[in-house]
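Have the structure open and follow along.

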Amino acid sequence: MLIRVTDPHEPLSSEITPRSTYLIRPTRREALLTLGLAAASLPSLAQPEVHGGGKLPKLTTVRSGVAGSMVMDKPTSYADATSYNNFYEFGTDKSDPASYAHTLKTRPWTVSVEGECAKPMRFDIETLLKLSAMEDRIYRLRCVEGWSMVVPWVGYSLAEVIKKVEPTSKAKYVEFTSLADKAQMPGVRSGVLDWPYVEGLRMDEAMHPLAMLVFGMYGEVLPNQNGAPLRLALPWKYGFKSAKSIVKIRLLEKEPVSSWTKAAQQEYGFYSNVNPNVPHPRWSQASERRIGEDGLFAKKRPTLMFNGYEPQVGQLYAGMDLKKFY
Ligand code: MTE
């Protein structure tokens, strides 16, 4: 998401593919069980098998019970999800993070959670890894640049950590800060963004069960290029809201200013919800290119409101003018 480039993927309105559907698996399963059907007779609701690269430690997981945390779209291949990345601390080319993020030291690692709360805490990564059960969740990730992926993340709801510090009634927003260390991150020596990388959410967004604190993907710990040792996954927002390699979480009374808003306010607003009806000032957001489906004749997919998570998150924005609060 460089600031002064023209759109390489201007979508055509004719490029419409059938709406992808998603399935709230646990809910349907529960419904069937309520009807008295034995588990063995349930129709197969299995997700495709997802494998990591096999080089990183595995994480023990349970299936998530959060509504909307499993989409039926085919997951992006591990090779694509770990080699086509945005992580400007390691350079602006999509291949830079995979080439250079090996210099990132992910141990020891601490995350301070502070601000408007009764019990500010400094969490060691090992403590965070054990704070709640690690869940498998398959989320769509839609980048503001016009491409998308489907990633099986491992982690738990961000709310689990926020609750621990006991937010005060003044805590209306949450700010996330990524590591910015020139010694480990060559991109931080450039002026492409005002470091450190900062992102923000409204408190109710951060407490929404779909807002995920991620420690792994494809059943393994996160590769450095994907934001090790912990990052966010906010599936209804453009990918840049999902800050990587987080070191600080601050609860605030006032809306924080994100790095992208600082860089180009007209282009990147605070909310940045996926919205096919609100174009980026320089390109449409009506459709997207799914990474891995980009053959010569591959059709683009229509972008869904809130990236397809409207039933889960739409209420958060009831009555808001989403053209104004983009
Ligand atoms: N976090 C930090 N710290 N630095 C970044 O440059 N890029 C964002 C987001 N988080 C970014 C970041 C953008 S633009 C996207 S699309 C996603 O990370 C990409 O996540 P992925 O590489 O795991 O697909």
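Let's start with Pro108, which you'll find in the loop between α3 (96-100) and β2 (110-115). Helices here are DSSP runs of H or I with at least four residues, strands are E runs with at least two, and both are numbered from the N terminus. The peptide bond running from Arg107 to Pro108 is cis, with omega near -10°. There's also a cis bond from Ala228 to Pro229, with omega near -5°; Pro229 belongs to the loop between β9 (220-221) and β10.

Now look at Glu166, in the loop between α5 (159-164) and β6 (173-178). Glu166 isn't a glycine, yet its phi is positive, at about 55°. For background, most residues other than glycine have a negative phi, and most peptide bonds are trans.

## Where these values come from

This is a predicted model: local features need pLDDT of at least 70, side-chain atom pairs count only at pLDDT 80 or more, and totals for chains, interfaces and linings use all residues. Residues are numbered from 1 along each chain as its sequence is written, and side-chain values use heavy atoms, leaving out hydrogens and water.

## Around the ligand

A polar side-chain atom of Glu89 is 2.8 Å from a ligand nitrogen, and a side-chain N or O atom of Ser178 is 3.0 Å from a ligand nitrogen. Ser242 uses a polar backbone atom, 2.9 Å from a nitrogen of the ligand.

## Ring pairs

How many aromatic pairs are there? Counting Phe, Tyr and Trp rings (six-membered for Trp) with centres within 6.5 Å, the total is 14. Planes under 30 degrees apart count as stacked, over 60 as edge-to-face and the rest as tilted. The rings of Phe240 and Tyr268 have centres 5.3 Å apart and planes at 75°, so this pair is edge-to-face. The pair links distant parts of the chain, 28 residues apart.

Definitions and conventions
Polar contact = N/O pair within 3.5 Å; in protein donor to acceptor, adjacent residues only side chain to side chain.
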